[in-house]
Every structure is written in structure tokens, then in C-alpha cells.
Amino acid sequence: MNNRPIHQRIQHLWWMLLLITCAVGWLGLHTGSLGLEWGLSYSDDIIQEIRIPRTWGAWLAGVLLGLSGAIAQGLFRNPLADPYLLGSASGAALGVATVLVLGATGASALPGLIDVSNWWALRLSLTSAAFLGAWLSVLFTLMLARGVHQTMRLILSGVVVGVVLGAITSLMMAMVPQALPSMQSFILGSTASLNPSACVLMSLVLFFCCLISLLTSKVLDALGLGETTARSLGLSLKPMRMILIAVMSLATACAVAQVGLIAFVGLVAPHLVRSRVQVTHRHSLLLSAAMGGALLCAADVLARGLWAPQELPVGVLTAVLGGGYLLWRMQSMNGERSHS
Amino acid sequence: MNHIALQCQQLQVHIHQQKILHDLNLNIRQGRWTCVVGPNGCGKSTLLKALSGLIDYKGQVLMADLSLSQWLSKNLAQHRAWLGQDESSNDDLTVYDVVMLGRLPHQSWLQGANPKDHQYVSDALKKMHAWDWRERPLGQLSGGERQRVLLARVWASDASVFLMDEPISNLDVPHQADWISSVQDVVKHGATVVSVLHDLTLSLLADDVVVMQNGIIVHHGSSQDTATHQAMTEVFDGRIQIVSHNGQTLALIKNAIQI
């Protein structure tokens, strides 16, 4: 049964994604503040130290977001579930804001806690604070929604948690204006601060998240047949669900801590994969991740090159493009329904 | 074959502080097909879930003489298969992948499907006449076709005890007949089937019938017993009539005008 036609289609999609990613990545190396440039050699400092980490980092962040979106949609059996709508991204942003505010105000008071001058210490504390915020906010959303059974309740709770946490973040920014500049790039979403170490950090987290989610992918498949059926197949859902929520929060948080709030990649990537192939989660998780990487990489190139030398925040661009895509999907779904 | 496959003692189930099942005692014999009948809301589905160990209950449920709490969840999942009513299903999985989920209890975490799993899946798909659309996603199927796929998932499990809630309500008559011969086939090979069926005439094809009303078992006996027929007539307010016709027992709806 290894030559099922579906496997061929999965292979085609992988080749397509590889091709697109390579093309976009190559463009990324050639896009600078002057738009597309062809004259530079790959050994130039600007390519080695700025464009490679930015392109690679944008891809990694997109992969992390695509993966966490695919996990969220499988886990909550909800095509609208996404790190943003579940409140986890706002939680991650609040975690980031807390660290930045502490860094801006308490650097002298708490010298040992967060050493802003040490890059790794700062990144690790940003990432773990983001993780903590993301994880707690998903749990909070689930508590408000009283479980995952009611789609509408879940989404509404996620929106409420997102809005409230966003307001707290804004309040902190208003009270500590020193942290505002560094926070701004987080809220808008930007790949400008990416460097090789951030890429290494994201790669490690990505490897871990992929491993765990592949090991638990059968749970997501079984959940597709309903919760009771999944339990009748011998799965202990409670611990599995906690593990998957933790992996999803970690992937979201790691991406948010490096590139800020980038909306819609996690929502759109699994949709795009599903519209091409219908496969088990073992395949769709990785495909959605690769799709997310290609999407964010492409958005980053556009954001840098479209109005060069003026650079758009990539989060703004993904919001516009992703929102447009969703609207188009909604329209075409309505169309299908009225025809049938 | 008079072994007890499934047994409950003083079984109580509360849902939202409301008592759904009242101190039920029931012995279900191995190698037989048992149908649970009764009016809407009398607790048939809840009984099936409790017997499968899928909801919280008070009292005892014994599967093969072993309390459900003593079973390892994986062994229990291999031993019994459950099919619910109106369970959600992921429209994006292909028919083949859905049926393969029935083999999940037999697979280890890291291993994929082995040739034996593929064999069970293709046998079950062919049995349900679903083999031709095995590569189609579930979302593209009609209600009846989808139900046949979910049934194939259950048959592929190779379980010893099958608990099925309304398995054939949305199937056409030929496929209902196919389901009945599948049940009779597995029962002949020693498996035990407990099902809730809406159609009373089909229920009377089972070996045994459990008659329920308001969370209580009113009667449990052979489908050919007149006592069973009487209990069924009573729980349905005397609005059915059970007759014999050419050797088959039929449950007919009494015409409202005649009452």
C-alpha cells in the first residue's frame, strides 16, 4: 500500500514547497534596502551577517507558526483555531513585554535576574517568558470555554483573552515608555532583529517541537473521529492534550519572542495544505510547517523589497494578505453552499 | 458457549447530577448478539458507553470477568470496539486513513501500519463496499456512505466485544441486511455484539433483547420469547404489535386511528 496515489500527491507538494522556498530564499538574499540587487557576492558581510540570518530566521519563524497552527487546528478540531485566536500569541507578547519592562526599569534593581547586555540571557528569558505567557493564556482560554467542545465558545474565549492581555500589554507600555521602542517592533512583527544566534535557538526549539508532535500525531488523527471514539481507541487524552498544548505554546512563543506578533501564518498554512492534500497528521503537520516557512519567507521578502528603501513591518503585511485570503475562502465557501 | 462476556452490577450513571441509569444488573453472554431497545431517553446510549468504560459510573462493570478499572487501556481498546452515534468526524481524512484508525490499539507509538493492518483494513472496506472510494476524503461522502466507513473502522479492529449505538439508522436496506449478516458472522466466530437499533423488527433478529425504560432494565431475554415481546409492547405504550409472519417476527406500528 505504499504506492497509494495520495503519497504521490504528498511528494508533489513537498517538491513544490521546496522549490518555492529555495526561490524565495534566494530572492531574500538579494533583497536589500535598495530593492533587488544582483552585484553582491555571497561572501559580503551584508549577506553573511544580515540577509542570511534574516531569511533563514523568517523561514524558521514561519515553520514554527505553521506547525503550531496545524497542531491547534487538529487538537481543537476547529479550522479557525490558530495561535492568535486562542490567545496564546497575546500571552506570549505579554510575556515579552514583561521582560522588556523589567529590563528597562529594573535593570539596576535586579541586576542578576535579567542581564540585558548578555544576548543569550535576554533571548532565553524573552523566550521562556513568552512560553509561560502563551501556555497560561491557552489554559485560561480553555477554562473560560469550559473545554474544547463548543467551537463558538472556544473562539470567543480566545478573542476575549487576547483582547484583555493585549490591553495589559498596552498599559505596561504606557506606564514604562522606555520600553516602547523595543516593544514596537514586537507588536508590529519584524525580522529586523534576527541574528544567527536567534536562528540557532529557533532551530533547536523547532527540532524538539517536530519530534514531539510527530510522536503524538496519531492522537490528532483519532481526535478527528470525536473525543469519545478517540478514548475508545485506548488513548489517554488528558496528558496528550496537555503535551500538545505545551508544544504548540512553545512553538508560538519561540517565534513571537524572535520576530514579534505575526498574524495569520499559523491559520493560513494548514488551510493551504488541506486544500491540496487530505492526509494524516504525520504528513500534514510537517507540510503545514513547511508551508508556513515558505509563506513567511515570501512575506518578508515582499516587506523588505516592496517599498525599498522604506521597509514594511512583516506582521502588517501578513495580516493584510492573510485576512484577504480568509475573506476569499469565506466567499468561495458561501458560493459552494448556495450552489449545492 | 455460555461464558459471560460483559457484566454490570449495581451500575449507576449520573449526568449533570441527574440519575440516568438506576442500579442496573446485566449479564451479556459471549458469542451472542444482544439488542438494547426502549423509548427515547431511556438510557440505552449511556448504558453502552458505561459498558465500554467511556463515562464515569458507580458500581461494577466486568469485561471477561475483569473489572474495567483493572484493564490496561490499550488491552481494553484491543478487546472491545465502540461505535457512537452522531460522533463528529474529520472531513479531511481519507476513507482509508479513517478505517486504519481502527487498528490504532494494535500499533505501537513509533510503528506505522504493518501488512496485517493493511489486510484488516482492506477486508473491512470490501465488506462495507467502500473499497472503491478508499482514497476519497470523508467530507465528500453522503451520510450513509460515511456511516459505512465508520462501520468499517469498527470491523477492522478485530475486537472480541463490539458495542454499537445506532449503527445502521442511515443505511439503505441492502446495507442494513449486510450489516446484520456481518454481525451474525462475527458472533458465529465467538465475538459478542451489543447494539442499539431503532428499528424494532431488526432488533428482534438479535439473539437476546434488553428492554429498557426510564433508566431501568425492564426485561432481558431471548428475542423469540413472548415475555420479551410483551415487555417491548409495554414500554412503547402498547403502540406496537409483534406478530409472526412466515417464520419472521415483526414489530408493527399500531395505526393511531385504531387506538
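1. Two strands pair if DSSP finds at least two bridges between them, and strands themselves are DSSP runs (E, at least two residues), just as helices are runs of H or I with at least four residues, numbered from the N terminus. Strand β4(B) and strand β5 (residues 66-67) of chain B pair in the antiparallel sense, over 2 bridges. They form a hairpin with 2 residues between them, and B:Ala64 in the turn has a positive phi of about 50°.

2. A word on what you are looking at. This is a predicted model, in which local features need pLDDT of at least 70 and side-chain atom pairs count only at pLDDT 80 or more, while totals for chains, interfaces and linings use all residues. Residues are numbered from 1 along each chain as its sequence is written, and chains are lettered from A and ligands numbered from 1 in the order in which they are written. The model scores ipTM 0.91 and pTM 0.89. For chain B the mean pLDDT (the predictor's confidence in each residue, from 0 to 100) is 91, and 98% of its residues reach 70 or more.

3. Now to chain A as a whole. Its secondary structure comes to 13 helices and 2 strands. Of its 340 residues, 50% are buried; a residue is buried if 20 or more other C-beta atoms lie within 10 Å of its own, exposed if 12 or fewer, and partly exposed in between, with C-beta atoms placed from the backbone. Two residues are in contact if their C-beta atoms, placed from the backbone, lie within 7 Å. Among the contacts in chain A with a separation of 6 or more, 80% are between residues 24 or more positions apart.

4. How do α1(A) and α2(A) pack? Helix α1 (residues 5-30) and helix α2 (residues 45-75) of chain A make an angle of about 145°, and their axes are 9 Å apart. Axes here are lines fitted to C-alpha atoms, for helices over the stretch in contact, and angles run from 0 to 180 degrees between N-to-C directions. From α1(A), A:Thr21, A:Gly25, A:Gly28 and A:Leu29 meet A:Ile47, A:Arg51, A:Ile52, A:Thr55 and A:Trp59 of α2(A). By class, this contact has 4 nonpolar, 4 polar and 1 charged residues. Ala, Val, Leu, Ile, Met, Phe, Trp, Tyr, Cys and Pro count as nonpolar, Asp, Glu, Lys and Arg as charged, and the others, Gly among them, as polar.

5. Elsewhere in chain A, have a look at A:Ser157, found in helix α5 (residues 151-175). Why is A:Ser157 classed as buried? Because 21 other C-beta atoms lie within 10 Å of A:Ser157. Leaving aside its neighbours within four places in sequence, A:Ser157 is in contact with A:Thr141, A:Leu144 and A:Ala145.

6. Where do the chains meet? On chain A, 22 residues are in contact with 23 residues of chain B. The helices α1, α8 (217-223) and α9 (227-232) of chain A each supply at least two residues to this side, and α9(A) gives the largest share, 4 residues. The side of chain A that touches chain B divides into 7 nonpolar, 9 polar and 6 charged residues.

7. Back in chain B, strand β1 (residues 4-15) and strand β2 (residues 18-29) run antiparallel, joined by 8 bridges. B:Val13 stands opposite B:Leu21 in β2(B). These two strands form a hairpin with 2 residues between them, where B:His16 in the turn has a positive phi of about 50°. β1(B) also pairs with strand β4 (residues 58-63) of chain B, in the antiparallel sense over 5 bridges, with B:Leu6 opposite B:Met63.

8. Chain B also holds an open sheet of 6 strands with mixed pairing, in the order β6-β7-β8-β3-β9-β10. Its edge strands are β6 (80-83) and β10 (216-222), each of which pairs on one side only. From one strand to the next the twist averages 15°. β6(B) and strand β7 (residues 161-165) of chain B pair in the parallel sense over 4 bridges, and B:Trp82 stands opposite B:Leu163 in β7(B).

9. Finally, helix α6 (residues 173-188) of chain B lies across β3 (33-37), β7 and β8 (192-196) of chain B, running at about 150° to β8(B). Helix α8 (residues 226-235) of chain B packs on the sheet too, touching β3, β9 (208-213) and β10 of chain B, and its direction makes about 150° with that of β10(B).
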